[in-house]
Amino acid sequence: MGIDWTALGEEAVDLLRRYLMIDTTNPPGNEIEGAKFLAAVLGRDGIASETVESAPGRANLVARLAGDGSLPGIVLHHHIDVVYADRRYWTVDPFGGAIRDGYLYGRGAIDMKSTGIMHLTAVLALKRAGLPLKRDLVFLATADEEAGSLYGARFVADARRDWLAGAEYAISELGGIEVHAGFRAPLGHIVISEKTGLPLTLTARSDPGHGSMPWPDTAPHRLIRALGRLLAAERPLRVLPEVQEYFARLASVLPGDTGVGYDDLVPSLADAAFRARFLTNRLHAAMVRTTLAVTMLRGSEKRNVIPPEASAGIDCRMLAGDDPEEIVAWVRYQIDDDRVEVTVTGEPKAPNLSPPDTELYKALADAIRRRAPGAVVVPEILVGFTDNWVFRRCGLHGYGWSPFVLDEGEWHRVHGNDERLSLENIRAGARAYVEMLLDIAGV
């Protein structure tokens, strides 16, 4: 094949280390610095790229490795921005590129600069080897995913749709191969859909006053009681067919009788004891119902002032098939207070889904089994959302996929402290990505 896998793996480690050292915390993002780095790497191998800023510093980059056009292309996309890292709780500098005990540390090591470097090294390797392709490979790096994608994927969809021209598929985060002590086999995730957001704000209003003389119906008191009623209510449980398939396959790798009842969740969830056990797992609970989380509270600017207004931000995540208007009406009914206003504070994002039976899905599943022999592959509906939501809306089949083998401890570092990725994952992942792309796009 003409590819030196050892050299490619070491190059991937070096590129990811340097990429992680670029601080693209969102806000403010400053993705232009990441885009400059990617453009320089591509340019050294003669691959032209285009960078466009959707706002000052909010850069998006595209490059294309041309195939013969006999089949539609694949968009390999990742987001340049990362979430905030509180340096007080890290044992290393989150932007220092530290390598320790076989791991590369840094904000974005898993979410998701590593995937971007897998895309980058695969494109470089295929270009250098001169291997013929039947599909174009579109390398796309976007801004702002961690804050809603306005300056990134949504900008591309609205203003640079030509960057996606001729493509059929999109591959992004997260996916991965999950290994836990007690699992009978690795569990390989391929993300086919995401729950999407319906941002809500509850606002209570009443008279202002002095904090020394409170009364029952101040704005904060009204808001607290309304939130109490909302949080005490439960949205109906709903098991989507794809979620049922996920749990049936999960049951096959769980130890002992842990997965009993997972093969047919609807009747199982009707049993009070099973339901109570099942819903204690936050991830599992979020996969079978629309969730509402109180994440922001605002009241007075001063301790001794009772404000005329108090508000709460609600992070609502919808299942496919949910009606935003029905959810808002349900929230109003549950809070039962005409002095508390419920408003939708952003565009509702209708969930969308890509089928788990396409040629690409099968190639991704095969690649997981090569990386982790014996793995059980499951389609997953992610409880968060990714840029694939945007690109599915553009007509692409979008999947979240990763060749990284991660245990529960590694997953908990995503958006947490000491985010890291093993050097073995980086090296083996670079090869896995190349082999997967040759499987689906090679002549």
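Reply: Helix α1 (residues 5-20) packs against helix α3 (residues 113-129) at an angle of about 135°, and their axes are 9 Å apart. Here an axis is a line fitted to C-alpha atoms, for helices over the stretch in contact, and angles run from 0 to 180 degrees between N-to-C directions. Helices (H or I, at least four residues) are DSSP runs, numbered from the N terminus. The angle makes α1 oblique to α3; angles under 35 degrees count as roughly parallel, over 145 as roughly antiparallel, 65 to 115 as roughly perpendicular and the rest as oblique.

The model is predicted: local features need pLDDT of at least 70, side-chain atom pairs count only at pLDDT 80 or more, and totals for chains, interfaces and linings use all residues. Residues are numbered from 1 along each chain as its sequence is written, and side-chain values use heavy atoms, with hydrogens and water left out.

The crossing of α1 with α3 is right-handed, that is, the near helix is turned clockwise from the far one by less than a right angle. On the α1 side, the residues in contact (heavy atoms within 4.5 Å) are Leu 8, Glu 11, Ala 12, Leu 15, Leu 16, Tyr 19 and Leu 20. They meet residues of α3 including Ile 117, Met 118, Leu 124 and Arg 128. By class, this contact has 11 nonpolar, two polar and three charged residues. Ala, Val, Leu, Ile, Met, Phe, Trp, Tyr, Cys and Pro count as nonpolar, Asp, Glu, Lys and Arg as charged, and the others, Gly among them, as polar.

Notes
Helices (H or I, at least four residues) and strands (E, at least two) are DSSP runs, numbered from the N terminus.
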